[in-house]
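Dear colleague,

My notes follow directly after it.

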Amino acid sequence: MSRKGQLTTPRRTIYHIVMDSSDHPTASDIMDRLKVRGANFAYATVYNSLRYLTEEGLIRELKLEGDASRYDARMENHQHVLCVSCGKLDEVFIETPQSWLSTIATATGYDIQEEQFLFKGVCGSCREQRTTVQ
């Protein structure tokens with residue numbers, strides 16, 4: 001087996017960090033978690049490993065409007081909701097209405113293969129903080 005097809009020690013370690021995370025870590029978050037585990041990988045190794053894991057379909061890269069990419073190991077179909085106040089990112093496991101997909105496919109002529117929606121709002125904690133401040 002070639003090195004390209006292997007999960008090297010850095011790739012495996014980074015994959016497990018993303019798998020164990022529920023907060024959709026950035027590359028910087030992953031670097032911090034590696035240090036806590038006593039691992040010392042170069043930034044290039046982390047970025048190259050994240051790209052490899054994404055290209056191999058083991059993790060998903062989330063590009064959120066101007067923010068650093070975040071990474072998600074949940075590969076089943078789901079969406080995300082972002083708190084515009086604190087940056088918290090949660091997963092939404094509600095199926096996309098087929099009528100939306102059909103309408104988009106008809107309007108654009110595309111065969112929709114995958115969808116990714118990002119919903120934005122204010123999370124419960126931030127809403128509570130706003131009410132107690134007022």
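The chain holds five helices and five strands, where helices (H or I, at least four residues) and strands (E, at least two) are DSSP runs numbered from the N terminus. Their order along the sequence is α-α-α-β-β-β-β-α-β-α.

Please bear in mind that this is a predicted model, in which local features need pLDDT of at least 70 and side-chain atom pairs count only at pLDDT 80 or more, while totals for chains, interfaces and linings use all residues. Residues are numbered from 1 along each chain as its sequence is written, and side-chain values use heavy atoms, with hydrogens and water left out.

On overall dimensions, the radius of gyration of the chain is 18 Å, whereas a compact globule of 134 residues would have one near 14 Å; the radius is taken over C-alpha atoms, and the globule rule is 2.2 Å times the number of residues to the power 0.38. The C-alpha trace spans about 50 × 45 × 25 Å along its principal axes. Of the 134 residues, 33% count as buried (under 20% relative accessible area, with exposed over 50% and partly exposed in between, using a 1.4 Å probe and protein chains only).

Turning to the cysteines, the count of disulfides, meaning pairs of cysteine sulfur atoms within 2.5 Å, comes to zero. Cys86 is in no disulfide, and its nearest cysteine sulfur, that of Cys83, is 3.6 Å away; Cys86 is partly exposed, at 46% relative accessibility. Cys123 is likewise in no disulfide, with the sulfur of Cys126 the nearest at 3.6 Å, but Cys123 is buried, at a relative accessible area of 15%.
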